Amino acid sequence: MLNAFQIGRLSIEASDWAGMTKKQQLLMGTSGFIYLTLVETMDGFSKGWGFSWGDMGANLLGTSSTLVQHHFWEEQKIIIKYSYSKSIFPFYNPSLLGNNFQEELLKDYNAQIYWLSFSPLSFFKSTKNLNWLCLSIGYGASG
């Protein structure tokens, strides 16, 4: 969901910068879903991985979030974010969860938290004195 959202968001921003119409920007915003569908299809042919309808649903949700916000608000008021805090699990299974920091950052789901974040200022213009505030709800799992 995060990757589809961020790829779509960046594609929309780039196409806006390039002067494309709003319709073209929305079309470019589907690039994350298209790319990740190819990745998921390749996973379906890879030994040890396999195709996942759950992953496809998450990719669709991430892309839809980007497109709906751009269509109605012409900005991303609700942002999907990611954070990482090292876990102990790669020590026990480095081949699956990573042999170094860069691999662990991507592979160790035990250490990842995904966030939905928004600023009240983006919804309520009367909260200008709270322009520093960002509210977030996070999800992570361990073990």
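Predicted model: local features only at pLDDT ≥ 70, side-chain atom pairs only at ≥ 80, totals over all residues.
User: Why is Gln6 called buried?

Analyst: The relative accessible area of Gln6 is 18%. Buried means under 20%, so Gln6 qualifies.

User: Which other residues of H1 are buried, and what do the buried ones pack against?

Analyst: Besides Gln6, the buried residues of H1 are Leu2, Ala4, Phe5, Gly8, Arg9, Ser11, Ile12 and Ser15. Their packing partners are helix H2 (22-28), helix H3 (31-44), helix H4 (53-73), strand S1 (78-84) and strand S2 (112-118).

User: What makes Gly57 partly exposed?

Analyst: Gly57 lies in helix H4 and has a relative accessible area of 36%. The cut-offs are under 20% for buried and over 50% for exposed, so 36% puts Gly57 in between, and it is partly exposed. Gly57 and Met1 are 56 residues apart in sequence, yet 8.2 Å separates them in space, C-alpha to C-alpha.

User: How do you know that the span of H1 is close to what is expected?

Analyst: H1 covers residues 2-17, which makes 16 residues. From its first C-alpha to its last, H1 reaches 22 Å, and 22 Å is also what 1.5 Å a residue leads one to expect. Gly19 follows H1, and its phi is positive, near 90°.

User: Now the sheet: why are S1 and S2 said to pair?

Analyst: Pairing takes at least two bridges, and S1 and S2 have seven, so they count as a pair, in the antiparallel sense. Within S2, Trp115 stands opposite Lys81. H1 packs on the sheet, where it touches S1 and S2, and its direction makes about 125° with that of S1.

User: And what makes S2 and S3 a pair?

Analyst: The same cut-off of at least two bridges applies, and S2 and S3 have six, so they pair too, again in the antiparallel sense. Tyr114, for example, has Tyr139 in S3 as its bridge partner.

User: Which strands are the edge strands, and what makes them so?

Analyst: The sheet is open, with three strands in the order S1-S2-S3 and antiparallel pairing. S1 and strand S3 (135-140) are the edge strands, as each pairs on one side only. On average, neighbouring strands of this sheet are turned by 25° against each other, direction ignored.

User: What is the volume of the largest pocket, and which residues are closest to its centre?

Analyst: The largest pocket has a volume of about 1300 Å³. It is lined by 33 residues, and the closest to its centre are Asn3, Leu106, Tyr109, Gln112 and Tyr114. Tyr114 also came up above, as the bridge partner of Tyr139.

User: Which element supplies the largest share of that lining?

Analyst: H3 does, with five residues of the lining of the largest pocket. Elements that each supply at least two residues are H1, H3, H4, S1, helix H6 (94-97), helix H7 (101-107), S2 and S3.

Methods. Residues numbered from 1 in each chain as written. Heavy atoms only, no water. Helix = DSSP H or I, 4+ residues; strand = E, 2+ residues; numbered from the N terminus. Expected span 1.5 Å × (residues − 1). Buried < 20%, exposed > 50% of the residue type's maximum accessible area, 1.4 Å probe, protein only. Contact = heavy atoms within 4.5 Å. Axes fitted to C-alpha atoms, helices over the stretch in contact; angles between N-to-C directions. 1 Å grid on protein atoms, 1.4 Å probe; cavity = no way out; pocket = protein on both sides within 12 Å on 5 of 7 lines; lining within 4 Å. Points joined across faces, edges and corners; volume = space filled by probe spheres on them.
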